[in-house]
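Please examine the structure below, with attention to a pocket and a helix.

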Amino acid sequence: MWPEPVTLTGRHVVLAPLAQAHADGLAAASADGDLHRLWYTMIPPPEGMATEIDRRLGLQAAGSMLPFAQLTPDGTPVGMTTYMNIDAPNRRLEIGSTWIARTVQRGPLNTEAKRLLLAHAFETLDCIAVELRTHFANTQSRRAIERLGAKLDGVLRSHMVMADGSLRDTAVYSILAHEWPMVRANLDWQLERPR
């Protein structure tokens, strides 16, 4: 299996292999700010969390996803993220299906989570490229991806059918291996600067 399950630990976040033991905490995190009601996202509702965890673990068993629970340093679940669309022969993957509770947004947790995932992808897994995708209309997510230093590759128009039946235009970003040192320096600066 590539990549293999791993726990990634920082000062502000722990990325732990996703398990059903995280379901209740993740349900509370989804309810924080009613994130599941945002029309341009696919965040599971609190009552659907156990099913979503099973879905992600099924994709892990099939080799196409490595899901993580995002935890605060005290172990409280506050979101999910994944390595997905895994292409082992070409050493490419996507960081996606990411969401965090409203109360921890716009803080260091998400920045550090991306720092940990990207470092593992480029420095341990020897990835050639890492993709990040989001709904074209999700300007908050697009700004966050751009702050990472990712470059817009393009927009896949009418790419996905959303739960409400609308069509999603998907903004596709990537970071290439040779860009990682600059991106890493930028993320480290963001994490160290006073807030």
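Predicted model: local features only at pLDDT ≥ 70, side-chain atom pairs only at ≥ 80, totals over all residues.

Residues are numbered from 1 along each chain as its sequence is written, and side-chain values use heavy atoms, with hydrogens and water left out.

Q: Which element gives the most residues to the lining of the largest pocket?
A: The lining comprises 50 residues (those with an atom within 4 Å of a pocket point, on a 1 Å grid probed at 1.4 Å, a pocket being an open set with protein on both sides within 12 Å along at least five of seven lines). Elements giving two or more residues include α2 (49-61), β4 (77-87) and β5 (92-100); helices are DSSP runs of H or I with at least four residues, strands of E with at least two. The greatest contribution, seven residues, comes from β5.

Q: What is the arc within which the buried residues of α5 fall?
A: Trp-180, Val-183, Leu-187, Gln-190 and Leu-191 of α5 are buried (under 20% relative accessible area with a 1.4 Å probe, protein chains only; exposed is over 50%, partly exposed in between). On the other side of α5, Met-182, Trp-189 and Glu-192 are exposed. The buried residues line one face of α5, because the directions from the helix axis to their C-beta atoms fall within an arc of 95°.

Q: Against which elements do the buried residues of α5 pack?
A: Contact here means heavy atoms within 4.5 Å. By that criterion, the buried residues of α5 pack against α3, α4 and β8 (167-176).
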